[in-house]
Amino acid sequence: MLQAEDHIGSEPRIKKLEPVLLPGEIVVNEVNFVRKCIATDTSQYDLWGKLVCTNFKISFITDDPMPLQKFHYKNLLLGEHDVPLTCIEQIVTVNDTKRKQKVLGPNQKLKFNPTELIIYCKDFRIVRFRFDEAGPESAKKVCLAIAHYSQPTDLQLLFAFEYVGEIYHNPAKKVNGIDPGGGGSGIGSASGQQTPLFETYSDWDREIKRTGASEWRVCSVNEGYMISTCLPEYFVVPSSLADQDLKLYSYSFIGRRMPLWSWNHPNGSALVRMANIKDVLQQRRIDQRICNAITRSHPLRSDVYKSDLDKCLPNIQEIQAAHIKLKQLCVNEPFEETEEKWLSSLENTRWLEYIRSFLKHSAELVYMMECKHVSVVLQEEEGRDLSCLAASLIQVMLDPYFRTIVGFQSLIQKEWVMAGYQFLDRCNHLKRSDKESPLFLMFLDCVWQLLEQYPAAFEFSEMYLTILYDSARISLFGTFLFNCPHQRVKESTEFAISKNIQLGDEKGLKFPCVWDWSLQFTSRDRLLFHNPLYIGKSAPCVQNGAVKTFKRSKKNYSSTLRGVPPALKNGIISEQEFLPRRNSLILKLKPDFLQQTESQSNSMEQYFRDWFAKPVDLHGVILPHISGTQIKLWKLCYFRWVPEAQINHGGFITAFHKVSLLADEVDMLNRNLRQYKSNSSLQGSCSELDQSRMYFRANSLNDTSEAPDFLSSSFPFSPVGNLCRRSILGTPLSKFLSGAKIWLSTETLANED
């Protein structure tokens, strides 16, 4: 390793290090001769280079080779040492000699010259830089610049606006040839399917036809956001509800958020989301009218079951508190996962308990739709937080389409982006911490639990889920920047006017869509999204020596069909009529209903018992195991930056590697078999060799090669240079984390001069 004086002598070399900039990205401040800390106990592996702050990211640029491991995977928008500004949680500056430290907020002064900068990221990373050889004033300026630009006061200051503005003025500057606003799958899908964005009438109409919801229609009453600014322009309602009725009823709902159709079961049961009715005098009448319309939209005129999510699930504040404790646990020191104290601390975060709550409740609602044939209404105060998560989980369990990559992306568009999930506030892009809550992460974690339990049922991998979570922290994609579609239109139109951008007939600016994955990854790296264990609809399966093909049909889609329950209370089954047993997937009726429903009181228990006793239909319903041992911590997502948690040549990636090789070998054999049967030319078969969907490819049919030496349990993420073990001036990090409303206290950590 070069000594500090050697680096001073190589000033021209370091000054040549320049960041890679996107259209609209500008360098705000930079400092040379910065040391990036790699390990706590030695500076042997530290990297030297330039620290740059732009209006999009902080970028550390070095010529030093990466120590300790080789690495092949990369993001096209971000370098190995880059952090998007919207991923920064806290910025701590330290002066060793004066024994001072300060959490930097926007527009704050720094009265001492920092010798160290510690950046705490929302993805659990901790990145450290030392300024021992850098100019003290330059170090101070770059720290203040990072603090200022990472905590914008206005939505239009987020980088996506500058990027899109530059693209509109200079179309030739498109990155990777991608147009803003596209909805392509960008993952080399064999079907070439595009991800529906549900911004148009036709997308909703196709979803109605796909699910067979014949008694439902696409409503355009909110075109131009004339009724509600937190609803999409188009959504689906019962056919029996006229537009005039919807306009009239809308005034009674919180946020004027009328009932939204989400999905239809093949048996006719519908999944509907609804905000609370604020007009107490009209509540019973309107509620009855809506439920009657939903009942009439059921082919069997079946009952409506209402689930009050605010009463039976943790609220967003509780989820945020659990997330803070989880962060504290994963970055605390010393990190000892095997210690009994650590495991009890994990339990005390309540994160896994809340995961179990969402999975359990969603499975119970699956039972109501699948077995009881009743439509389910998810009721929530505003209908745009917990219902996003519950509605999405129910559909993942019930519909195999949403377990494909394109289907899963369309689900997020439908139930989160267009339904008005407040990504801007919940992801805290503008650092308004009182509204922050990680519901989207909790949803991805719940899906990971199902993926872990039923790996062959999902087309996507856990790496895909982790990368999707990371993408929500990149301030380039309009997908995760706004609280609702109307906010995108309003803010981007104002921005376009201020920048003299001609919109024509467009409704606001078109931002890059996160589903255009080619903007971030090469075609090879996008193969990491594919789960090698996935069994597609047309994939053959050998059963009892006979080759069978999985086909979705009504019969195997609905594994247990029972009779329609008798009408209860004007066709509405209230959730209060059921008492859930603790830690089970069982609902028990109240005593006053036992006489007429004695034969049904244990039907849910029997349904789950029967379901778990049968072989899993990968293209039918899947239900979660929710016992203590079955709900696990998502280690790839939460431990990937923790050096002590890394397993070289170990972890899930080793199995992923082996299974990928086997899957690729099977594909090669199938291609050879097709070639043999068709007697096609050798050249024709060679063109098929690049059609593998596996990231790891078999070199030959008898490939026995060892795992690549760059594999570790954190793959495809590199822990190198992203440190999670460091005290501030010898004080345990836990002191600053304990009891904080956000990850670190925003107060000054020590007195200044």
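The chain has 25 helices and 19 strands, where helices (H or I, at least four residues) and strands (E, at least two) are DSSP runs numbered from the N terminus. Please keep in mind that this is a predicted model, in which local features need pLDDT of at least 70 and side-chain atom pairs count only at pLDDT 80 or more, while totals for chains, interfaces and linings use all residues. Residues are numbered from 1 along each chain as its sequence is written, and side-chain values use heavy atoms, with hydrogens and water left out.

Of the 753 residues of the chain, 59% count as buried, and buried means under 20% relative accessible area, with exposed over 50% and partly exposed in between, for a 1.4 Å probe and protein chains only. If we take contacts, meaning heavy atoms within 4.5 Å, between residues at least 6 apart in sequence, 73% of them join residues at least 24 apart.

Let me turn to the interior. In soluble globular proteins, nonpolar side chains tend to be buried together. A nonpolar core here is a set of buried Ala, Val, Leu, Ile, Met, Phe, Trp, Tyr and Cys residues joined through side-chain atoms within 4.5 Å. The largest one has 175 residues, and Phe-408, Phe-443 and Tyr-638 have the most contacts inside it. Helix H11 (residues 351-370) supplies the largest share of this core, twelve residues. Domain 1 (27-151) and domain 2 (201-529) both give residues to this core, so it lies between them; the domain bounds come from an automatic or database domain assignment. Apart from this core lies another, of 29 residues, including Ile-38, Leu-51, Ile-58 and Val-83.

Which residues does Phe-443 touch, not counting those up to four places away in sequence? They are Leu-389, Ser-392, Leu-393, Phe-408, Leu-411, Ile-412 and Trp-416.

That leads us to helix H12 (residues 386-398) and helix H13 (residues 405-417), whose axes come within 10 Å and cross at roughly 150°. Axes are lines fitted to C-alpha atoms, for helices over the stretch in contact, and angles run from 0 to 180 degrees between N-to-C directions. The angle makes H12 roughly antiparallel to H13, given that angles under 35 degrees count as roughly parallel, over 145 as roughly antiparallel, 65 to 115 as roughly perpendicular and the rest as oblique. Among the residues that meet here are Leu-389 and Ser-392 in H12, and Phe-408, Leu-411 and Trp-416 in H13.
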